[in-house]
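Please consult the sequence and the model alongside the numbered points.

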Amino acid sequence: SPENKFPAAPDDAEAAARWIASNGAAMGREFDGLILSGDSAGGTLTLVTALALRDKPASVPLRMMIPLYPMTDATKAYPSSIAFSDGYGLSTKDMVYYGKAYAADLKNPRHTTLYRDLTGLPPTVLVTAALDPLRDGGRAFAAKLIQTGTPVAYYEAQGNIHGFATYRRGIPSSQGDLDKVLAMAKAMLEKVSAKP
């Protein structure tokens, strides 16, 4: 967006995941599963794509997802969306622009994923930032996943802002946060891969 409105992004993300799952040979690899990950809008698309692959599996299973500070609920303002609305890297003005550019129905389940049935999603490392307007929606999503029995590792980057994974050169603590996230993902993958 803004050139291609909703649902172009979820359609493209799902199509890409399905193509990768079926075309390891084209990349000189053999795939036995997928791990989806993305940050910000990419984190949101991670959730949307995981739900699509749950409902209609790809040619290899979805093993894990790692959404970083996704938008999970566009239908209401959470305390974090008010407390960190300006001065923390993701401003209200920017959010309004993104909403208009993307042009999604806020209640569409391919946009607001929190209200979907989350049963059957893969093990998840869900990441938020403590000073992020989207933090509380991420917390709510992690809690709902836990209620379904999905293995969840939750990481909240303390003192950090939305987008920290891409600001590692500007915010020194961001590299440490990302290192912790990757270590959690590796541990979870080893744990779920060890199951008979």
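Is R110 buried, exposed or partly exposed?

1. R110 is partly exposed, with a relative accessible area of 25%; buried means under 20%, exposed over 50% and partly exposed in between, for a 1.4 Å probe and protein chains only. The model is predicted, so local features need pLDDT of at least 70 and side-chain atom pairs count only at pLDDT 80 or more, while totals for chains, interfaces and linings use all residues. Residues are numbered from 1 along each chain as its sequence is written, and side-chain values use heavy atoms, with hydrogens and water left out.

2. R110 forms a salt bridge with D11, their closest N and O atoms lying 2.9 Å apart; the term requires a side-chain nitrogen of Lys or Arg within 4 Å of a carboxyl oxygen of Asp or Glu. The two residues are 99 apart in the chain, R110 in the loop between helix 4 and strand 3 (124-129) and D11 in helix 1. Helices (H or I, at least four residues) and strands (E, at least two) are DSSP runs numbered from the N terminus. D11 is partly exposed at 37%.

3. The structure has seven salt bridges by this rule. R135 and D136 form one of them, at 2.9 Å from N to O, and both residues are buried. A network of salt bridges links R135, D136, R139 and E156.

4. Four aromatic pairs are present. The rings of F6 and Y102 are edge-to-face because their centres are 5.5 Å apart and their planes at 70°; rings of Phe, Tyr and Trp (its six-membered ring) pair with centres within 6.5 Å, and planes under 30 degrees apart count as stacked, over 60 as edge-to-face and the rest as tilted. F6 is buried at 15%, and Y102 is buried at 16%.
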